[in-house]
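Good morning, colleagues. Please keep the display open while I speak.

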Amino acid sequence: MYKDERDLLDVLKAELAFLEKGGYGRSPRESWRQPLIFEDSPSCMNYDSKDHPEPCSSCALFQLIPPQFRGKQVPCRYIPFNAEGDTLDSLSRYSDQFEIEEVFGVWLRKTIETIENERQASSSVKIRPSAPLGRDATGESLTHKLHPKCANPACPTAFRWLAGGKFFRFRPRTAGAHSNDISGHSPLTIPGIDHYWLCERCSHVFTLAFEEDQGVVLKLLWPELLAPEIPRQLKAG
């Protein structure tokens, strides 16, 4: 099965350019209908392959669709554009094309700005201990924080379901642990288990492990590469 390898930010920027250049004007070939947002633009994974379409679940846009709508025949019609929950599906029922494109354009610009800010913040994080050398840098699990963040105490990245990264689950006072990709189901309400999350960037450098004498600690995936710069272990909780 084909997998859409496009970067979401690039897709959204191209979509904005397509919108601003009037890409959704009526086509001479199909003047009887108004072009459909996403579906009739190059952003659609199946734009040039309508006769043999790939499943929408492979599309870069699929991550923007709420889980309860991912089984729809055209799931991109159910991406929420604002706090009121307006979608292409709902807007098509009571708005004209101008109003739909206006709401859509506002959402595109805000989403692009949000992704750019998050990536800039993530890339600016220095991989360094948050405490002087020789001392453990402590952190807290997701369930112990009012505003949960990455388990790396030196990383300020706020926890977001769609931000990638990895989950880790540990039973208190035991060494049992499991890690899963963040796209899995939310386990935050399971009693007797503490949950940790490493952001996308940190998960490529660190992992979490349980030590009997220290609890959950942050470990380098490749300690031989960074050992001269930072301690091999930072306490994560």
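Let me begin with F167, which stands opposite W197 in strand 3. Strands here are DSSP runs of E with at least two residues, helices are runs of H or I with at least four, and both are numbered from the N terminus. Before going further, I note that this is a predicted model, in which local features need pLDDT of at least 70 and side-chain atom pairs count only at pLDDT 80 or more, while totals for chains, interfaces and linings use all residues. Residues are numbered from 1 along each chain as its sequence is written, and side-chain values use heavy atoms, with hydrogens and water left out.

Strand 1, residues 166-170, runs antiparallel to strand 3, and five bridges join them; two strands count as paired if DSSP finds at least two bridges between them. Is strand 3 mostly covered or mostly open? Strand 3 spans residues 194-198, and five of its five residues are buried. I use buried for under 20% relative accessible area, exposed for over 50%, and partly exposed for what lies in between, with a 1.4 Å probe and protein chains only. The cover extends to both faces of strand 3, with D194, Y196 and L198 on one side and H195 and W197 on the other.

I turn now to the nonpolar cores. A nonpolar core is a set of buried Ala, Val, Leu, Ile, Met, Phe, Trp, Tyr and Cys residues joined through side-chain atoms within 4.5 Å. In soluble globular proteins, nonpolar side chains tend to be buried together. Which residues touch the most other members of the largest core? Among its 29 residues, they are L12, F38, L61, I79, F104 and W107. Helix 1, helix 2 and helix 3 are the elements that give two or more residues to this core, and helix 1 gives the most, with seven residues. L61 illustrates the packing: leaving aside neighbours within four places in sequence, L61 is in contact with L8, V11, L12, F38, S43 and I79, where contact means heavy atoms within 4.5 Å. There is also a second, separate core of 19 residues, and its members include C155, F167, L198 and V205.

Next, the aromatic rings. Rings of Phe, Tyr and Trp (its six-membered ring) pair if their centres lie within 6.5 Å; planes under 30 degrees apart count as stacked, over 60 as edge-to-face, and the rest as tilted. By this rule there are ten aromatic pairs. One of them joins F38 and W107, with ring centres 6.4 Å apart and planes at 90°, so this pair is edge-to-face. F38 lies in the loop between helix 1 (8-20) and helix 2 (88-94), and W107 in helix 3 (residues 97-123), so the pair ties together parts 69 residues apart in sequence. The relative accessible area is 2% for F38 and 8% for W107, and each is buried. The rings of F81 and F104 have their centres 5.5 Å apart and their planes at 50°, so that pair is tilted. F81 is in the loop between helix 1 and helix 2 and F104 is in helix 3, so here the parts tied together are 23 residues apart in sequence. Both F81 and F104 are buried. F38, F81, F104 and W107 form one aromatic cluster.

What of the cysteines? With a disulfide taken as a pair of cysteine sulfur atoms within 2.5 Å, the count is zero. The sulfur of C44 has its closest cysteine sulfur in C59, at 6.5 Å, which is too far for a bond. C44 is buried at 18% relative accessible area, and C150 is buried at 1%.

Finally, the charged pairs. A salt bridge is a side-chain nitrogen of Lys or Arg within 4 Å of a carboxyl oxygen of Asp or Glu, and a search of the whole structure finds six. E116 forms one with K13, the closest N and O atoms being 2.9 Å apart. E116 lies in helix 3 and K13 in helix 1, so the pair ties together parts 103 residues apart in sequence. Both are partly exposed, E116 at 32% and K13 at 37%. R109 forms another with E20, at 3.0 Å between the closest N and O atoms; R109 is in helix 3 and E20 in helix 1, 89 residues apart. The side chains of E39 and R77 also meet in a salt bridge, at 2.7 Å from N to O. In that pair, E39 is buried at 14% relative accessibility, whereas R77 is partly exposed at 29%.
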